[in-house]
Amino acid sequence: MDPLSDIIALLGPSAAIAKPITGRGRWGVRYRAHDAPGFTIILAGEAWVAFEGGAPLRLAQGDFLLMPTTPPFSLSSEAGLPCTWVEPRGEAVRHGDQPGDPDFIALGGSFAFERANAPLLLSLLPDLIHIPAAQGRATRFGQLIDMLADECLSSHPGKELITRRLLEMLLVEALRWRPGGGEADHRGLLGAMRDPSLARALRAMHEDVRAPWTVAQLASVAGMSRSAFAARFGEALGCGPIEYLARWRMAIAKHALLRGDRSLGRIAEEIGYDSASAFSTAFRKRLGCPPGSFARLHGGGGPELSPRAPASPHRGRGATG
């Protein structure tokens, strides 16, 4: 799989909360920050969203907004209206005038990820993904929005299940969205995957995570000089290529530890360490605790702590970090 698919599969995203948000007349609400990726899909009407220090952003029917990390924000029927603090709730919300049909309808909520590795994905994404209806309408993304709108406004049997599955598909479509027009942002994993040179290096690392990659080897895969590759990779991902590889290896290890179905030796072999002890030392250095303690702390089944699985046959690999 490509790097984005790898990471999404590892995190197993799901729609944790999906609720209708309606409004009528003039209204404005403000939300505090929370540690879950938030989304809003405008099904009818329009609204304005504003983040601290930023200009208000108009959201129109068919627009999709994804906030990988949800900072404090306001949502209002008109730009600049006074806003009242409200607490997020899991049920339907009505803003403004209560009587009468709403002139604004949205679906809002949050996604849940495997918490142990969620920071990895969030650190690789832009602060905000806004897909205007005008850009998404003629694509599969627009079709998903239409299906969601139809499902949310209906009373079909199985409505909740279908809505959640459509939202999960929509999340993946949003994460791989390529904005039309203007300069694409090449920061983060999404931007790096749009850079052909960086994409080749990232795919190589994900396809063979056990390999003893060096910056020079990855630069060769990218078709760039070592210094130019290291600089461009660092600018896009916020870390060097070997540090990115180490983080990805540890993400795989954490996922395996939480599943509790592999020995330390097997985990070590799968991510490029020569032995369970070498892996345990690296894990403790990065996470501040031994692998077994991590699994117990996060509710995993715990690995077979005896390194019975054979050491990696790939001698000399000895992954670092």
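This short talk walks through a sheet, its aromatic contacts, the nonpolar cores and the cysteines of one structure. Keep in mind that the model is predicted.

Strand 4 covers residues 46-51. Strand 4 pairs with strand 5 in the antiparallel sense, over four bridges. Within that pairing, alanine 47 stands opposite leucine 59 of strand 5. As background, strands of a sheet pair through backbone hydrogen bonds, either parallel or antiparallel.

Next, the aromatics. The structure holds ten aromatic pairs. Take tyrosine 31 and phenylalanine 73. Their ring centres are 5.2 Å apart and their planes meet at 25°, so this pair counts as stacked. Where do the two residues lie? Tyrosine 31 is in strand 2, residues 28-31, and phenylalanine 73 is in strand 7, residues 73-76. The pair therefore ties together parts that are 42 residues apart in sequence. Are these two buried or exposed? Both tyrosine 31 and phenylalanine 73 are buried.

There is also an aromatic cluster. Tyr273, Phe279, Phe283 and Phe294 form it.

The charged end of arginine 30 sits over the tryptophan 85 ring, 5.7 Å from its centre. The charged end of arginine 32 also sits over the ring of tryptophan 85, at 4.6 Å from the centre.

On to the cores. How many residues does the largest nonpolar core have? It has 63. The residues with the most contacts inside it are Ile41, Phe64, Leu66, Leu189, Phe229, Leu237 and Tyr244. Pick leucine 237 from that list. Leaving aside residues up to four places away in sequence, leucine 237 touches Leu124, Gly188, Leu189, Ala192 and Tyr244. A second core is separate and has 17 residues, including Met250, Ala253, Ala256 and Leu257.

Last, the cysteines. Cysteine 239 comes out at 9%, so cysteine 239 is buried. The cut-off for buried is under 20%.

That is the tour. Questions are welcome.

Conventions. Residues numbered from 1 in each chain as written. Predicted model: local features only at pLDDT ≥ 70, side-chain atom pairs only at ≥ 80, totals over all residues. Heavy atoms only, no water. Buried < 20%, exposed > 50% of the residue type's maximum accessible area, 1.4 Å probe, protein only. Pairing = 2+ DSSP bridges. Core = buried A, V, L, I, M, F, W, Y, C linked by side-chain atoms within 4.5 Å. Contact = heavy atoms within 4.5 Å. Phe/Tyr/Trp six-rings, centres within 6.5 Å; stacked < 30°, edge-to-face > 60°. Lys NZ or Arg CZ within 6 Å of the ring centre and 35° of its normal.
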